[in-house]
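Please read this briefing alongside the sequence and the coordinates. It goes through the chains topic by topic.

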Amino acid sequence: MTQEMPVANAAPQAEKPPVLEVQNITKRFPGVVALDDVSVQFMPGEVHAVVGENGAGKSTLMKIMVGAYVPDSGEIYLNGEKVSFAHPQEALAKGISIIYQEFNLLPERTVAQNIFFGREPSKLGVIDVRQMNKNAEAVLNEIGVGSMITPTVLVSSLSVAEQQLVEIAKAISFKAKVLIMDEPTAALTLTEVRLLDDLVQRLKQRGMAIIFISHRLNEVFEIAEKITVLKDGKFINTVRASEVAPADVVYLMVGRTLDHYFPPLGQPEEFGEVVLQVQGASNDFLQDINLELRRGEVLGIAGLQGSGRTELAQALFGVTPFKTGSVTLYGKGITMRTPAQAIKNLVGFVTEDRKTEGLCQMQPIRDNMLLTVRSIQFVFGAILKDGIRKSRNLVSTLGKQVDVKTDSYDREVQYLSGGNQQKVVLSKWLASDAKVFIFDEPTRGIDVESKASIHDLIRNLTRNGTAVVMISSELPEIIGMSDRILVMWEGRIAGELPANASETDIMLMATGRTANGSMETAAAGME
Amino acid sequence: MATTTVPTQENVSRVLRSIWAVIKKIPPVYPVFFVLFAAVVYLSPTYSTMNGIMAFMRRTSPLAILAIGEMIVLATGGFDLSIGSIVTMVVLGSSLLLNNDPANALPAIGIMLGIGIAIGLVNGLVVSYLKVPSFIATLGMMLLARGGALYWVGGAPKGYFTDNWRMFGRGYIENVPVFERFPIGLIILIVIGLLSWYIFHRTNYGKQVLAIGDNVRAARLSGVRVRLVRVLAFVLSAVFAVIGGVMIGGYGGVNVTIGEGLEMQAIAACVVGGVLLGGGRGSVLNVIFGAYTLEIIFSLLNLLGLPKPYKDAVQGLIIIGAVAYVALSSRKKR
Amino acid sequence: MTTVTATRRTFGQLLRSIQIPPVYFFLLAIFLVGGILDLVFSDGQIFSNPAIRLNILVRSVALGIVAVGQTLVIIGASIDLSVAYVVSITAVMSSFVMQGDPNNIPMAILVVVGIGIVIGLVNGLIITKLHVNAFITTLGTSLILKGIINATFSNYSGSVPRSFEYFGYGRLGPIPVSVIILLLVVVGGWFLLSRTKFGAHLYGVGGNAEVARLSGLRTDRVLIGAHILCSLTAVLTGLFIVSRLRSGAPWVGPDGFYDLESIATTVVGGTLLSGGKGGVWGTLAGVMIFSVLDTTFNQLGVNPYLTIVLRGAIIVLAVASYTFRSKQEAA
């Protein structure tokens with residue numbers, strides 16, 4: 001597999017030594033090697049993105065660098081000096097700080113209280129509130145957001161973007177030299193991304209090294225100077241953003257030609273009548289949604305995080321229903337108001353986060369599998385031997401269908417691997433006999449083999465007459481699986497693309513640009 | 001096995017290991033109970049007689065029933081602190097309703113069940129629709145029910161229980177083969193126990209209860225009607241408390257403070273029986289034996305000549321010990 | 001355009017930060033209702049009587065002091081069910097040690113404070129080191145205390161010297177000493193929570209223990225500290241009670257329902273049971289709501305049992321008014 005693309009040399013430049021360097025880092029967890037002999041260098045005054053598929057090891061690497069994990073082998077060097085951290089506080093004290101996707105903030109405390117949590121300026125245990133607020137204001141001004149955020153307001157009253165700024169201020173107040181951000185733009189609007197970008201540039205000029213993990217290649221290329229690609233726990237390469245194209249990076253991340261990866265797309269003659277039609281529908285998060293879903297097809301939903309994809313799924317499923325507009329399911333006008341109603345109408349929703357939304361960890365596999373069936377039947381379904389036998393048969397049929405690898409269906413779900421857990425989630429929905437399936441990130445955080453079998457499963461569903469809506473952040477997955485692609489942006493549908501659209505086309509639409517590269521000025525929601 | 005296996009060291013250790021694997025899976029409440037039971041038998045051979053055992057069963061059945069009801073609520077991740085007051089209400093109220101006339105027994109039970117269902121409904125609705133934490137909602141209900149009961153009977157118990165009422169808590173079926181005297185309370189427990197075992201372990205409802213306690217968001221997204229399941233859980237708990245109250249009244253007579261502390265005992269029995277306070281786990285049989293364990297401790301303390309106050313102290317130690325044991329062992333697993 | 005929204009937002013946020021706990025509106029409402037009932041049924045005799053107004057305040061002292069301690073613990077996302085028996089053991093032990101002799105007062109106070117610290121320490125250690133649920137832990141310790149007390153004392157024991165009764169009956173000018181002490185405790189609690197590192201850390205531990213840990217806090221110590229402080233407030237309540245009763249008996253704690261009522265008033269006052277939010281001023285209002293209720297109904301000759309019923313209803317309704325709008329499911 002030769003690569004014909006310019007390879008940036010990751011070797012250290014003569015002028016600047018790396019501020020942070022990891023060498024030969026290996027980290028194992030039960031059953032998986034998260035990082036395998038990874039070495040990377042991070043330069044001061046540089047924005048460095050780390051990309052890779054889910055499970056590539058990005059988060060693990062970050063956690064090791066900030067002292068949340070201890071590597072099994074390898075070294076960390078800070079400004080040339082070897083360091084090892086037993087606790088994130090040690091890394092923080094040395095100037096390495098991290099901002100997680102789920103912020104580490106206390107919503108019911110003020111901005112100042114959050115920034116100085118644990119190290120409040122005090123005399124004899126009594127906090128000097130005025131000083132603390134002043135210090136907070138100083139830090140906020142330092143990063144140029146002092147006019148936007150007052151130190152005395154509760155964090156819970158701030159928007160997500162503002163909370164992120166508080167996190168950054170907190171990091172600055174620790175005199176951080178290295179700032180690590182995990183999916184910083186995930187929950188931001190476009191304008192907020194721009195503001196963050198400006199801030200990052202300013203921090204860069206102060207000599208800070210900024211490292212961030214992102215799936216959004218578009219932004220990665222806009223903001224970062226260097227890009228490191230990890231795949232399956234291994235270091236693949238570090239390239240300069242100016243010297244490569246997004247497609248090259250994707251290739252490094254995936255490392256195989258796409259058509260070996262996915263089952264073949266559907267043929268037009270396999271597509272049946274329209275089963276789901278949405279017209280002019282809106283709610284608090286979505287505006288003017290129009291879509292059609294036909295029997296037997298896979299409709300891919302692409303878009304940046306925060307563009308409203310999950311909200312669309314939740315609206316269709318009745319979690320946060322549409323407030324206006326019309327929805328027609330199998331020709332019948334209906335608005336889903338609760339998940340139970342959706343399930344009764346044979347709609348299934350395989351959610352994004354199986355741990356918090358998909359599975360009951362302490363319950364056995366079989367009970368998780370039968371959960372939707374039980375909801376529909378409510379009390380009985382296991383009267384008399386027949387009922388018990390029927391459910392046992394159903395469970396083993398389902399288990400074989402999704403290929404769950406386990407020795408017993410009575411085992412608690414929490415002991416299964418990620419891929420097997422996702423299969424259990426799928427089997428739960430297969431059991432519900434749904435005719436319309438919504439998948440939200442169906443293969444996130446799953447090993448390659450399970451991914452392939454889930455993709456096959458999805459395609460088999462459509463072959464059997466089910467209609468599928470598939471949301472995914474992984475562009476290869478969208479392109480490889482979708483018969484049609486809808487791209488979302490800022491709570492609207494930015495446009496529709498045919499099968500096998502290019503990533504560039506999708507990316508353009510996902511960032512609100514039209515085909516000729518100009519920005520769409522949509523009416524509402526734009527600042 | 002046609003061939004004879006020589007008991008080599010390897011074979012023996014393998015057998016021992018598999019026995020140990022089975023033993024590890026046994027919920028701790030059983031060995032604890034049987035050890036304590038053995039101690040009690042040693043101190044007082046009456047306990048080894050059928051009469052003695054049956055007397056113990058008769059005494060313990062009400063608490064076991066209360067504990068099962070509480071377990072259903074605990075399994076959803078909530079608390080029901082009102083069951084003690086429900087017992088008080090049942091005991092005081094029915095002694096009033098009975099008015100020393102046995103013919104009033106059935107209607108009185110009917111009224112009590114009605115009140116119980118109403119209380120359970122209110123508990124459930126307040127928790128599910130007003131989103132008040134169940135700790136607070138049932139705490140408020142505890143006061144409401146207790147105050148209401150005392151108000152109803154004017155602060156002092158009236159009348160006695162008629163014989164047919166006492167039968168539930170005190171009665172025996174005589175001349176039963178093997179068991180000699182079989183307590184009616186035990187029959188009630190067995191019926192309730194089987195019923196609840198079925199509801200909790202074999203119906204969809206029971207599985208949904210566990211699902212809610214385990215991960216309410218996942219349950220809701222899978223179509224579980226969370227609010228309905230919760231309301232029913234509180235109703236069941238209240239109804240079981242009513243049944244327990246009928247038996248307690250029949251056993252102990254009328255007494256203003258009779259229900260106090262029972263909810264804590266029921267929770268303790270559940271905890272000893274392996275129920276997690278956050279929800280998601282539960283077993284009817286384990287909880288029944290949890291109640292037995294609690295009662296056997298009391299008996300043990302009595303036999304040891306320890307005055308009543310020590311009973312409370314030891315109960316406290318046992319509860320802490322049981323939960324600490326469970327907490328530490330589940331940490332090791334992780 | 002960003003600047004305009006910024007200033008508008010900060011002004012609104014400023015208003016929000018001078019939060020008056022909503023419970024004070026309830027208190028006001030109860031006062032009004034009480035006043036109306038008073039006018040209608042007893043010609044305004046109740047609230048115009050200074051002795052009765054005083055009674056309302058004094059009724060609040062016993063529960064109020066221990067409720068402040070409970071508030072601390074609940075803010076830390078914990079709970080203390082053992083306070084009733086701490087009150088009992090304080091009452092009994094202090095009265096026993098004093099034996100009516102003023103010279104024994106310092107010794108008695110030392111003994112009960114020591115006991116309080118030990119109990120709080122034990123509670124805190126079991127919860128943090130053995131990882132036993134706070135509900136179970138403090139339920140367990142309350143039973144242990146109950147056993148010890150009832151085994152050692154079966155009735156009133158010892159007595160309190162006249163001079164000590166100053167605590168319960170004395171006055172500084174027109175204001176009872178006990179009320180002053182209550183206010184001192186409340187102010188002390190407020191200061192601790194809003195102006196000290198301990199308080200800030202307590203809110204953090206209760207709000208999100210994981211964040212607290214990641215910030216390098218010794219979460220165990222903070223929680224143990226809160227439990228010790230809670231037990232100490234229970235000790236103070238016990239001393240107050242025994243100074244009014246002139247002798248201590250084992251049942252004073254549970255009879256006063258100090259455990260469940262301190263929790264109830266804390267929650268009615270707006271402190272979240274799940275921790276991280278709330279304060280002592282709200283708790284004080286909660287305590288006063290109960291006092292006003294009890295006194296008014298007492299004076300009006302309402303059946304005391306109905307008062308209990310109303311108490312239960314108010315607890316649920318007050319908390320429901322905070323929670324019914326929230327999207328979060330409680331268990």
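Residues are numbered from 1 along each chain as its sequence is written, and chains are lettered from A, with ligands numbered from 1, in the order in which they are written.

**Confidence in chain A**

- The average pLDDT (the predictor's confidence in each residue, from 0 to 100) of chain A is 82, and 88% of its residues score at least 70.
- Residues 1-13 of chain A have a pLDDT below 50, and this stretch has 15 contacts in the model beyond near neighbours in sequence, a contact being a pair of residues whose C-beta atoms, placed from the backbone, lie within 7 Å.
- Residues 256-260 of chain A also fall below 50 in pLDDT, with four contacts beyond near neighbours in sequence.
- Where pLDDT is low, the predicted coordinates should not be read in detail.

**Architecture of chain A**

- Chain A contains 18 helices and 22 strands, where helices (H or I, at least four residues) and strands (E, at least two) are DSSP runs numbered from the N terminus.
- Chain A is divided into domain 1 (18-95 + 177-185 + 203-257), domain 2 (103-175) and domain 3 (273-510), with bounds that come from an automatic or database domain assignment.
- The C-alpha centres of domain 1 and domain 3 of chain A lie 32 Å apart.
- Of the 527 residues of chain A, 48% count as buried; a residue is buried if 20 or more other C-beta atoms lie within 10 Å of its own, exposed if 12 or fewer, and partly exposed in between, with C-beta atoms placed from the backbone.
- Among the contacts in chain A with a separation of 6 or more, 69% are between residues 24 or more positions apart.

**Individual residues of chain A**

- A:Gln163 belongs to helix α5 (residues 160-173) of chain A, and this residue is buried because 20 other C-beta atoms lie within 10 Å.
- Leaving out residues up to four places away in sequence, A:Gln163 touches A:Phe103, A:Leu105, A:Val155 and A:Leu158, while its C-alpha atom is separated by 8.7 Å from that of A:Val111, 52 residues apart along the chain.
- A:Lys175, in the loop between α5 and β9 (178-182) of chain A, has a positive phi of about 55 degrees although it is not a glycine, and it counts as exposed, with 11 C-beta neighbours inside 10 Å.
- A:Asn500, in the loop between β22 (492-498) and α18 (503-510) of chain A, likewise has a positive phi, near 60 degrees, in a residue other than glycine, and is partly exposed, with 13 other C-beta atoms within 10 Å.

**Contacts between chains**

- In the contact between chains A and B, 26 residues of chain A meet 21 residues of chain B.
- On the side of chain A that touches chain B, the elements giving two or more residues are α10 (339-344), α11 (354-358) and α13 (371-377) of chain A, and α13(A) gives the most, with six residues.
- That side of chain A divides into 13 nonpolar, nine polar and four charged residues, where Ala, Val, Leu, Ile, Met, Phe, Trp, Tyr, Cys and Pro count as nonpolar, Asp, Glu, Lys and Arg as charged, and the others, Gly among them, as polar.
- The contact between chains B and C takes 46 residues from chain B and 42 residues from chain C.
- On the side of chain B that touches chain C, α5 (105-129), α6 (134-152), α12 (262-272) and α14 (308-333) of chain B each supply at least two residues, and the residues of that side divide into 30 nonpolar, eleven polar and five charged.

**Helices of chains B and C**

- Helix α9 (residues 204-214) of chain B is mostly covered, with eleven of its eleven residues buried, and these buried residues pack against α12 (365-369) and α13 of chain A together with α3 (50-75), α8 (184-202), α10 (216-221) and α11 of chain B.
- Helix α9 (residues 177-195) and helix α15 (residues 280-299) of chain C pack at an angle of about 150 degrees, with their axes 9 Å apart; axes are lines fitted to C-alpha atoms, for helices over the stretch in contact, and angles run from 0 to 180 degrees between N-to-C directions.
- α9(C) and α15(C) are therefore roughly antiparallel to each other, given that angles under 35 degrees count as roughly parallel, over 145 as roughly antiparallel, 65 to 115 as roughly perpendicular and the rest as oblique.
- This contact is made by C:Val186, C:Gly189, C:Trp190 and C:Leu193 of α9(C) and C:Val280, C:Trp281 and C:Leu284 of α15(C).

Note on methods:
This is a predicted model: local features need pLDDT of at least 70, side-chain atom pairs count only at pLDDT 80 or more; totals for chains, interfaces and linings use all residues. Two residues are in contact if their C-beta atoms, placed from the backbone, lie within 7 Å.
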